[in-house]
Amino acid sequence: MRIDRLEVRRERLPLTRAYTIARRTIAEVELLFVRVHAGGEIGLGNASPGIGVTGETAASCAEALERAAELLTGRDPGEVGTLARLLERELPAAPAARAACDMALWDLLGRRLGVSVVELLGRAHHRLPTSVTIGIQGVEEALDEAREHLARGFRALKIKLGHDVEADIERLVRLREVVGAGIAIRTDANTGYDLAALRRYFDGTRALDLELCEQPLPRGREGELSTLDDAERACLAADESLHGPDDVAALLVPPRPFGIFNIKLMKCGGISASRRLAEVAEAVGIGLMWGCMDESRVAIAAALHSALAAPATRFLDLDGSLDLACDAVAGGFVLRDGMLSTAPGPGLGVQWEAE
């Protein structure tokens, strides 16, 4: 079997609810969908480019996918690892475009063999809870949104921080009072703190039993985290500081600035690249969190299959498709009482719906 063609579709999709993070407010997202055709089968993929995260605009991602089509057409889709390395070499500045192609190739391989991707990778987990994100907003609004998510069955909340540490602490204290001790609370400062603010965050939240804090300081300032104690660094998760395998060596130099790695397929370039990160994390005792952008169900499914195949996985933050007002893809995962599991079916378990 050979790849006949790679089809790209570009869509601007509104969110059902705008949200605010440390740097901006997001109300819609532009996604690119990939369909790889080979021997009558179609593998599906999705790119969610973002100039501040992946370094790509939607336009540059589309250009990279045109080049990917040239590279992949006529190749054997079963050579997933070889093709992933080819794309990494030829499209080094387009990780979201590579991720879309890579997940489509894995989906195609699974369909061809009649096996789910997680089983091809080697399943380590059957299902795990995912957090759901609450953006930066007033205390009462955040509490109302938390109640809404809990009513839908979620038992892990991720709270965006980074504008004002005192307001962040107040919001977290009130949130813990309202949700009680049985709900997991994670935070994400999106590089919005400096070291003094981070110290104040720790001082003000020690009694709240928070699971983790994502990327409090900007990329490039990881050395400042060495002044924190072991327990504080252990609950910090690298996000903006960790894109792909090239970043890992610096993050493992003692004292390690982060005890958790947040893997996002859009940053690292897809399932194949994420496996390299996951294997290093397992070998050195780093816990894994699997995150996302605003993405289609197919990209969330790809991250979930990767996460459930990684023994080091501790946390899922795969809520990126839940607030899309519409999607071109169905299936991919089952969400029940805040727990994510893979949908039945070969490949990624997804179906193309848009026409």
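## A tour from the sheet to a helix pair

Select strand β9 (residues 236-238) together with β10, which pair in the parallel sense over two bridges; strands here are DSSP E runs of at least two residues and helices are H or I runs of at least four, numbered from the N terminus, and two strands count as paired if DSSP finds at least two bridges between them. This is a predicted model, in which local features need pLDDT of at least 70 and side-chain atom pairs count only at pLDDT 80 or more, whereas totals for chains, interfaces and linings use all residues. Residues are numbered from 1 along each chain as its sequence is written, and side-chain values use heavy atoms, with hydrogens and water left out.

Stay on β10 and pick F261, which A238 stands opposite, and whose bridge partner in β11 is L288. The strands β10 and β11 run parallel and are joined by four bridges. Both faces of β10 are covered, with I260 and N262 on one side and F261 and I263 on the other, all of them buried (under 20% relative accessible area; exposed is over 50% and partly exposed lies in between, with a 1.4 Å probe and protein chains only).

Now show the whole sheet, which is open and has eight strands in the order β5-β6-β7-β8-β9-β10-β11-β12, with parallel pairing. Its edge strands, β5 (132-134) and β12 (313-316), each pair on one side only.

Next, select helix α5 (residues 139-151), which lies across β5 and β6 (156-160) and runs at about 165° to β5; axes are lines fitted to C-alpha atoms, for helices over the stretch in contact, and angles run from 0 to 180 degrees between N-to-C directions. Helix α11 (residues 271-284) packs on the sheet as well, touching β10 (260-263) and β11 (287-290), and its direction makes about 150° with that of β11.

Finally, select helix α1 (residues 58-72) and helix α3 (residues 95-113), whose axes come within 9 Å and cross at roughly 45°. That makes α1 oblique to α3 (angles under 35 degrees count as roughly parallel, over 145 as roughly antiparallel, 65 to 115 as roughly perpendicular and the rest as oblique). The contact (heavy atoms within 4.5 Å) is made by C61, A64, L65, A68 and L72 of α1 and A96, A97 and C101 of α3.
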